[in-house]
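Work through the exercises below with the sequence and coordinates at hand. Each task is followed by a stepwise solution.

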Amino acid sequence: NGAEFYERIELLKEQERYEDYIDGNSEEKRELLNIAVPQERLDKYTLWYCIQKTLMLFLPFMALIYTNWLLLIPRLLARKMYWKYAIGLLATLVGISFVLSFNELFGGGSKLMAGESGNVIFTFSAMIEAFGAGLLALGFSTPVYLSYNWFAQQNKIDGLENERLNTELALLKSQINPHFLFNTLNNIYYY
């Protein structure tokens, strides 16, 4: 249990071997780790548990990014409704931050944050951390989306320009052909 772990650490400090515990790879260190982290707690971290925690972390970020890409940018930012875009983005970010604040990675939802009854306690600091992580995700994803759309639009414009030039060339060729035919007929007529 935890008390036994701290007693062993205190004993090592008294014997001035605490640094050996931190730096070394001794038997005592392995023994202390076995005391501090029981096997039944390690068994909890199976592959399925890790997949669940990963999904709980990435699904809110994906919802944030795709809401921005598929809803906010095309409907508000592309139409130059900058204030509405900022408000919509802030509301989405706060909502996702609230959801993410219950994730263990941001300090919420862990046993340490649970109250006496075992219920998860919401912490504002976890929400602030999740908000910062959301801003970071948006900071990377929005320029990627905007640059992809810009290049796609440039390719479309270049294609239309090439099509216009080919049409003009075909029109000029069709205008030259009757003159050439008329001149040829005139030459034959005079000889």
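The exercises that follow concern a predicted model.

**Exercise 1.** Determine which salt bridges R164 forms, and what they join.

Solution.
1. The criterion is a side-chain nitrogen of Lys or Arg within 4 Å of a carboxyl oxygen of Asp or Glu.
2. R164 and E161 meet it, with N to O at 2.5 Å.
3. R164 and E168 meet it too, their closest N and O atoms lying 2.4 Å apart.
4. By this rule the count is two salt bridges.
5. In helix α7 (residues 124–190), E161 is three residues from R164, so about one helical turn separates them. E168 is four residues from R164 in α7, again about one helical turn.
6. Through shared partners, E161, R164 and E168 form one network.
7. R164 is partly exposed, at a relative accessible area of 39%; E161 is partly exposed at 35%, and E168 is partly exposed at 39%.

**Exercise 2.** Compare the span of helix α6 with the expected value, then locate its buried residues.

Solution.
1. Helix α6 (residues 82–100) has 19 residues; at 1.5 Å a residue, 27 Å is expected.
2. From first C-alpha to last, α6 reaches 26 Å, close to that value.
3. Its buried residues are Y85, G88, L89, T92, L93, I96, S97 and L100.
4. These cover an arc of only 165° around the axis, so they sit on the same side of α6.
5. W83, K84, I87 and A91 are exposed on the other side.

**Exercise 3.** Which residues make the nonpolar surface patch of about 430 Å²?

Solution.
1. The patch is made by W48, I51, L55 and L59.
2. One of these, I51, lies in helix α5 (residues 47–77).
3. Patch residues need over 30% relative accessible area; I51, partly exposed, has 36%.

How values were computed. Residues are numbered from 1 along each chain as its sequence is written. This is a predicted model: local features need pLDDT of at least 70, side-chain atom pairs count only at pLDDT 80 or more; totals for chains, interfaces and linings use all residues. Side-chain values use heavy atoms; hydrogens and water are left out. Patches are made of residues with over 30% relative accessible area and no salt bridge: like charges are joined within 9 Å, nonpolar side chains (Val, Leu, Ile, Met, Phe, Trp, Tyr) within 5 Å. Accessible areas come from the Shrake-Rupley method with a 1.4 Å probe; for residues, only the protein chains shown count as cover. Helices (H or I, at least four residues) and strands (E, at least two) are DSSP runs, numbered from the N terminus. Buried means under 20% relative accessible area, exposed over 50%, partly exposed in between (1.4 Å probe, protein chains only). The expected span of a helix is 1.5 Å times one less than its number of residues. The arc is that of the directions from the helix axis to the C-beta atoms.
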